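Here is a set of questions and answers on one model. Look it over before reading on.

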Amino acid sequence: MTTTIEGAFSEFKSNLEITGLQKTTVSSRQQSVRDAVSKELSVSDSFLAGSYSRSTMIAPLKEADVDIYHSR
């Protein structure tokens, strides 16, 4: 248990950060979604938006999403 304000904020920040494994998993999954859409539809461009693209995604990931935009 932290006893300082600085320590409490550091612990809070740590609880929100996603791990390296989570980052790798999210990256792989978003690329798989983009590939699957491109196989079924004519896609001229695809890009990411939102917290994932800004590297501000926070835990828990079960409540997170990745915003992918496709244009034809």
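Buried means under 20% relative accessible area, exposed over 50%, and partly exposed in between (1.4 Å probe, protein chains only). This is a predicted model: local features need pLDDT of at least 70, side-chain atom pairs count only at pLDDT 80 or more, and totals for chains, interfaces and linings use all residues. Residues are numbered from 1 along each chain as its sequence is written, and side-chain values use heavy atoms, with hydrogens and water left out.

Q: Is F47 buried, partly exposed or exposed?
A: The relative accessible area of F47 is 41%. That value falls between the cut-offs of 20% and 50%. F47 is therefore partly exposed.

Q: Which residues form the aromatic pair that is stacked?
A: Rings of Phe, Tyr and Trp (its six-membered ring) pair if their centres lie within 6.5 Å; planes under 30 degrees apart count as stacked, over 60 as edge-to-face and the rest as tilted. A search of the whole structure finds 1 aromatic pair. At 5.4 Å centre to centre and 20° between the planes, the stacked partners are F47 and Y69.

Q: How many residues apart in sequence are the parts that this pair ties together?
A: Helices (H or I, at least four residues) and strands (E, at least two) are DSSP runs, numbered from the N terminus. F47 belongs to strand β1 (residues 45-49), and Y69 to strand β2 (residues 67-71). The parts tied together are therefore 22 residues apart.

Q: Which residues of α2 are buried, and where do they lie?
A: The buried residues of α2 are V26, Q30 and R34. Taking directions from the helix axis to the C-beta atoms, they fall within an arc of 65°, so they line one face of the helix.
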